[in-house]
Amino acid sequence: MEIHEYQAKAILADYGVAIPDGGLAYSPEQAAYRASEIGGEQWVVKAQIHSGARGKAGGVKLCGHEREVAEAADELLGKRLVTAQTGERGKGVYRLYVEAAVAGESEIYLGFVLDRSAERVTIVASASGGMDIEEIVASDPGSIVRINVEPAVGLQAFEAREIAFAVGLDASLVPQAVQLMTSCYRAILDLDATMLEINPLTVTADGRLLALDAKMIFDDNALFRHQDVSELRDKSQEDPRERTAVDRGLSYVGLEGDIGCIINGAGLAMATMDMIKHAGGEPANFLDIGGGASPERVLKAFRLVLSDDKVKAVLVNIFAGINRCDWVAEGVVQALRQLEVPVPVVVRLSGTNVEEGRQILKEADVPVITAESLAEAGTKAVESVTGRAA
């Protein structure tokens, strides 16, 4: 689960990380009032969406007068901001963060990410702050500093000092940097975050380290332990299909293709998508209905997949262990009868009660294309869309 910049900054501030003065606004008038509350001569108006690269897309505006703050807010609110990370649809701007403008002498990139292969939190830092980490890696790979934190002892002061010196911080700023990094590491552990990014971390003229932007992502599976974090979820920023899936206990990721997938098991789902592509097609989604899927759950999955108007065929691929093929077959029959499915449906069943499941499909007399193997299922799904042999 992602959260907004202002939410991430509030969390970091609770852990002792210094941030500029700022306030949330939902209207131009409120934005101007926030600027007057903050004081000073310049402010930054930032669109709050779940995406980086907002500045390049016009989502961050520097203002020198309260009137300009109101005008910038009026321009941004209600706009769909398209960045390099949002895709063509963009994301709607429904709230703004007004912040005191800070003139920094230098900018640093600082990130904490859960490295699943190493089973550790990895700290990534660079003296080239203010850029996306992908750009930094491409333009100046030598500036990247990486440290894997040993979970048994946590982030040590000497490791934080190494990072601080490696990104060129003055010795007088190292104690601040050590405190900031240890605070961030504590936050990522305490809250079960999988990523924490400060970009840029700026060095001010008066010798302070300020987090000018912040991003945090949390482990969905651990949110039950953090009700306060769970309540920060902004559904308006999520793909409507994925939001619907989460609310119904399904694992769904929308893609750009036209073959909808209903599958049990993440590994089988990945293999199925690969097979579709191998046959010359493109999957429209990743959808794992999980183990023990009831007919009602299969029906929900059909509704979700068919809500994508790009879908031209549906591939149901089930390898039943905990699941039962007869349950899935009953769900397919219910979907075809209740939803009047307007596209071809390819079904491949294997595993527990497979013969019973195939018999249910046969006796139901519903328009379904059956397949024996994964390869055959992928091929038939592509053929049903293209009208020709894959």
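## Briefing: pockets and one loop lysine

Of the contacts in the protein chain between residues at least 6 apart in sequence, 67% join residues at least 24 apart. The model is predicted. The chain carries 13 helices and 18 strands.

**Overall build**

- Along its principal axes, the C-alpha trace spans about 80 × 50 × 40 Å.
- The protein chain has 390 residues, and 49% of them are buried.
- Its accessible surface comes to about 18000 Å². Carbon and sulfur atoms account for 49% of that surface.

**Largest pocket**

- The volume of the largest pocket is about 1300 Å³.
- Its lining is made up of 38 residues. Nearest the centre lie Gln-237, Glu-238, Asp-239, Glu-242 and Arg-243.
- Three elements each supply at least two lining residues: strand S5 (91-92), helix H8 (240-247) and strand S13 (251-254).
- H8 gives the most, with five residues.
- By class, the lining of the largest pocket holds 17 charged, 12 polar and nine nonpolar residues.

**Second largest pocket**

- The second largest pocket has a volume of about 910 Å³.
- A set of 39 residues lines the second largest pocket. Arg-54, Gly-130, Asn-199, Pro-200 and Asp-213 lie nearest its centre.
- Two or more lining residues come from each of strand S2 (43-47), strand S6 (96-100), strand S7 (104-115), helix H4 (133-139), strand S10 (193-204) and strand S12 (214-218).
- S10 provides the largest share of this lining, six residues.
- By class, the lining of the second largest pocket has 16 nonpolar, 13 charged and 10 polar residues.

**Lys-310**

- Lys-310 sits in the loop between helix H10 (295-306) and strand S16 (313-320).
- Its relative accessible area is 30%, so Lys-310 counts as partly exposed. The cut-offs are under 20% for buried and over 50% for exposed.
- Beyond its neighbours within four places in sequence, Lys-310 contacts Arg-241, Leu-255, Glu-256, Gly-257 and Asp-258.
- Lys-310 and Ala-284 are 26 residues apart in sequence. In space, their C-alpha atoms are 7.6 Å apart.

Key: Residues numbered from 1 in each chain as written. Predicted model: local features only at pLDDT ≥ 70, side-chain atom pairs only at ≥ 80, totals over all residues. Heavy atoms only, no water. 1 Å grid on protein atoms, 1.4 Å probe; cavity = no way out; pocket = protein on both sides within 12 Å on 5 of 7 lines; lining within 4 Å. Points joined across faces, edges and corners; volume = space filled by probe spheres on them. Helix = DSSP H or I, 4+ residues; strand = E, 2+ residues; numbered from the N terminus. Nonpolar A, V, L, I, M, F, W, Y, C, P; charged D, E, K, R; others polar. Buried < 20%, exposed > 50% of the residue type's maximum accessible area, 1.4 Å probe, protein only. Contact = heavy atoms within 4.5 Å. Areas by Shrake-Rupley, 256 points an atom, 1.4 Å probe, with all protein chains shown as cover.
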